[in-house]
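Colleague: Before I use these labels, I want to know what stands behind each one. Can we go through them in turn?

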Amino acid sequence: MVGVPTTASYAPNALPMSIWTTAAPAVTTAFLSSLVEAVEALTIVLAIASVRGWRPAAIGALTGLALLALIVLALGPLLSCFPLHAVQLAIGILLLLFGMRWLRKAILRAAGVIPLHDEAIAFAAETEQLRDQARRQHEARLDWLAGLASFKAVALEGLEVVFIVIAVGAGRGLLGAASLGALAACLVVVAVGFVIHRPLERVPENTLKFAVGVMLSAFGVFWTGEGLGVPWPGEDFAILAFAALFLLVALGIVALARRSRVEALPT
Amino acid sequence: MTILVTASRMLVGLFIDDGALAVAIFLVVLLSWIFSTLMPEMPLAAGAVLLIGCLGVLLANVMNAARR
């Protein structure tokens, strides 16, 4: 690509117009992936709050969020120390692994091969597990265990978002924008969860995962190609073309997998 | 030690769910790198291998899982 720096850093204040073709998909991807993971984390935090109260649930969740913020702040700038092509190749391959994993699972769920993720079932399972723990553990340890469970839920679900934020943001000086996208989704989920006080069952989780999988796979092909020195036609616009292609192919695979499953069923 | 093992398993699990899919992606990237090294005058060939290869891997992997 013409005029790119040799290390993985850009001046954030001097974004050329073509960068917006990367910025919009990057921020949208961070927002949607954060939305999916925040819904899953909220289910567990709500279950903990309903069994042990808001205090341990909130402390655990906030500690988890602080850890995630620290990881972004530490790892994001670190990438600028490495040569740009090496960073693009490494992040591209990780994005392909990560994005195609999400897309594969979303396709299999959309085709009915594996069941959809159900927040109501997850909430019931988590609540039951906590009640069972409460029967077996000493009362004094319960708040500590509840806080730890809340911390683990936020940290684990958030780790995927952290990777996505760094991967789609760090290479183009979009770390701040991608982080804001992810944070905005978190705030939306927390606000809605706070108002309705139960798991967000109606969020079309698989559709969101499908969209994020498509975007991450497109970014993965783009960055891996850039790392290998491929001069993509249309430069950054190629990401949108790849996303459209992945979407079309993925929808086609859903139809094929459905048909193949129906044919395989005993008559 | 147990925490370290659990953490590294978790980290690997972030990227690798189905081993066959991960291996196939690595092979496509490797093939693309071979193309870019052997045919530097046609860099788009490596890009085409990468893009078509990834789409092909996705199709094959999902169809295989659907038939299982």
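Modeller: Residues are numbered from 1 along each chain as its sequence is written, while chains are lettered from A and ligands numbered from 1 in the order in which they are written.

Colleague: What pLDDT does chain B average?

Modeller: Chain B averages 88, on a per-residue confidence scale from 0 to 100. In chain B, 97% of the residues score at least 70. For the complex, the predictor gives an ipTM of 0.89 and a pTM of 0.79. Where pLDDT is low, the predicted coordinates should not be read in detail.

Colleague: How many helices and strands are there in chain A?

Modeller: Chain A has eight helices and zero strands. Helices (H or I, at least four residues) and strands (E, at least two) are DSSP runs, numbered from the N terminus. The pattern along chain A is α-α-α-α-α-α-α-α.

Colleague: Why is E40(A) called buried?

Modeller: A residue is buried if 20 or more other C-beta atoms, placed from the backbone, lie within 10 Å of its own; 12 or fewer makes it exposed, and in between it is partly exposed. E40(A) has 21 C-beta neighbours inside 10 Å, so it counts as buried. E40(A) lies in helix α1 (residues 20–52) of chain A. Its C-alpha atom is 9.3 Å from that of E205(A), 165 residues apart along the chain. Of the 267 residues of chain A, 48% count as buried.

Colleague: Which residues make up the contact between the chains, by number?

Modeller: Chain B gives 28 residues and chain A gives 33 residues. Two residues are in contact if their C-beta atoms, placed from the backbone, lie within 7 Å. On chain B's side, α3(B) gives the most, with 16 residues. That side has 21 nonpolar, four polar and three charged residues. Here Ala, Val, Leu, Ile, Met, Phe, Trp, Tyr, Cys and Pro count as nonpolar, Asp, Glu, Lys and Arg as charged, and the others, Gly among them, as polar.

Colleague: What makes α7(A) roughly antiparallel to α3(B)?

Modeller: The two pack at an angle of about 155°, with their axes 10 Å apart. Axes are lines fitted to C-alpha atoms, for helices over the stretch in contact, and angles run from 0 to 180 degrees between N-to-C directions. Under 35 degrees counts as roughly parallel, over 145 as roughly antiparallel, 65 to 115 as roughly perpendicular, and the rest as oblique. So α7(A) is roughly antiparallel to α3(B). Residues in this contact include S217(A) and V221(A) of α7(A), and G47(B) and L50(B) of α3(B).

Colleague: Why is α3(A) called oblique to α2(B)?

Modeller: Their packing angle is about 140°. The pair is therefore oblique.

Terms used. This is a predicted model: local features need pLDDT of at least 70, side-chain atom pairs count only at pLDDT 80 or more; totals for chains, interfaces and linings use all residues. pLDDT is the predictor's confidence in each residue, from 0 to 100.
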